[in-house]
Amino acid sequence: MPTRPCVVLAVLVGAALNATGDEAVRGDGSRVAGRLTLTDTGRFTFTAADRSESVARLDQFQFAPKAPPDPPAALWHQVHLGRGEVVRGEIRRLDDHHLHLRTAWADTLAVPRAAIEGVTFAPGWRPVFFDSFDAGLASWTTAGNPRAAGGQTVFDKDGQAVEVSLKPPVAAGRVGTTFRSATTTARRLTLELEFVDGGQRAPVCVELIGPGEHYAITSQAKPDHEGRLRRAVGARRLTAEFDRDRLQVFVDGWVLWSQESGPGLLRTIKLVAAGAGTESAAVDDVLVADAGPVLRPRDWADLTRDAVRSRDGDETFGALTAAGPGGVTLQAQGHKAHIAWPAAAELGFRRGPVSERMTAGEHVRVVIRTADGGRDVLDGAVKTFDETSLVLAHATLGDLKIPRDRLEELRFRFFGRTLPVDAAPHHLGARPAFGFAIPKPEGLRLVKSVAVEMAPLSGFVVVDAARVGAKGTPVEMLLNGERLQELNQFADRPGADVKTYRVPVPAAAWRIGDSEVVIRLRADAGDRQVNSVDVRAVRLELHDKR
């Protein structure tokens, strides 16, 4: 298989700069190539041109561009954790406490259900058809009796075929399939994409499996680029992306075909087996997605139950009991319904207490390369960091081992500790309200305590909350009786989206031992309306000397 020149160039440039080709960005915006290491005491040091530079002067550290292969995955989802954190993964299963994912950097990741703000598809694409073949071939028109078994469709006879029609046809979108590549003696397996252009058929055929040394593609149009990619044994991912101006076909991210003209409307997908003998060819999944706008997760009307939102925006509430490659199961009003992924545009989970742990050390925001140009974003403290991986201590997800070639950026936060004070939802207010994690108000005051073993150099009280507005009922913060700034000073318009408020703490307010955190609504005499606040979590952020 040919190499990608841009990747080779990046590697050579990196070797010339230093061992990795990485660079830091200072607070003034200037950049400097150098090496970032973690000492035995858990502190970062940065060395540029044989001279150390204080990490306190740096905003972020950027890793040299790399191109790790996209892992084969049928359908990517994005799991939104709040505070700007997001993880992209393939949904494998759901239990009473966790949603289990396979990510680009971990075979399995268990995400607490109560910590999930929402689950959406990868941005820019909306599935219109998807089959992982776990439930047979009911979605297809078949010929020659191909068989579905073990999450695959197997073709082992001449003339076997499966076909599906898309209604309406797709004008701009993506087709993806995972297949078991091999060089065969006689068996051929072809993916036929039937486009219609100006009322005329314009098929594009890709020979996925066959006796030839290279993948083969045929089309009525001439390519602007045709990659001669060698077949390689094992699971491979073919992706075709198209719109009115282009068609591009990739195998594992390598360009197989590119034309600067649109193929038309995609009307039919067909897999066809040909050739004598008993050799078999297998396909794991087929996905068709149309191109759509990148939308932010929408607010849910009810946070006390699980929910599924359809492509049309309709919300169905109940209890999510199962999830996997084929879709989700929702129990509502005494009935269980299986909902295939194309019909489930977004998932929501019942809000509740989240188990958070203390983190200590170099706190960073990590940006991780995933697949299809996507990025994961996670916050935590760095436990280990070397030439192969970074281990991030995450407050709710545990210790996460991230391969170094997946790292894109570290954004430096602080050196110190985070202490969870409370990670359960609370409704501060005087009246019941829908759209809150707790509809019934608990009063105007929330009081919590936490043990602080050592006074920090500086720090913050950090509150995750919704419905806080710049105007309206003041939301006061106190630590050990010391009145801090109001949350309203950091807010704009009140909304249902959860935002993080970092309130600075003066040195005199810190106390060794039990510390009391108070959040209260200041309702002045004669107020007829007290604005409710949806508090989700409270923690202390303790900054220590580097």
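This report walks through salt bridges and some backbone details of a predicted model.

## Ground rules

Since the model is predicted, local features need pLDDT of at least 70 and side-chain atom pairs count only at pLDDT 80 or more, while totals for chains, interfaces and linings use all residues. Residues are numbered from 1 along each chain as its sequence is written, and side-chain values use heavy atoms, with hydrogens and water left out.

## Salt bridges

Let's start with the charged pairs. The structure holds 50 salt bridges, a salt bridge being a side-chain nitrogen of Lys or Arg within 4 Å of a carboxyl oxygen of Asp or Glu. One of them pairs Glu-194 with Arg-267, with 2.5 Å between the closest N and O atoms. This pair ties together distant parts of the chain: Glu-194 sits in strand β18 (residues 188–197) and Arg-267 in strand β25 (residues 265–274), 73 residues apart. Strands here are DSSP runs of E, at least two residues long, numbered from the N terminus.

How accessible are the two ends? Glu-194 counts as buried at 18% relative accessibility, whereas Arg-267 is partly exposed at 34%. The cut-offs are under 20% relative accessible area for buried, over 50% for exposed, and in between for partly exposed (1.4 Å probe, protein chains only).

Arg-246 is partly exposed, with a relative accessible area of 23%, and Glu-241 is buried, at 14%.

Then there's Asp-379 with Arg-365, a salt bridge at 2.7 Å, N to O. Again the pair links distant parts of the chain, with Asp-379 in strand β33 (residues 375–385) and Arg-365 in strand β32 (residues 359–369), 14 residues apart. Asp-379 and Arg-365 are both buried.

Now for the backbone. Lys-167 and Pro-168 are joined by a cis peptide bond, with omega at about -5°. Pro-168 lies in strand β16 (residues 161–170).

Asn-145 lies in the loop between β13 (141–143) and β14 (147–149), and Asn-145 is exposed, with a relative accessible area of 70%. Gln-333 lies in the loop between β29 (327–332) and β30 (335–340), and Gln-333 is exposed too, at 79%.

Methods. Helices (H or I, at least four residues) and strands (E, at least two) are DSSP runs, numbered from the N terminus.
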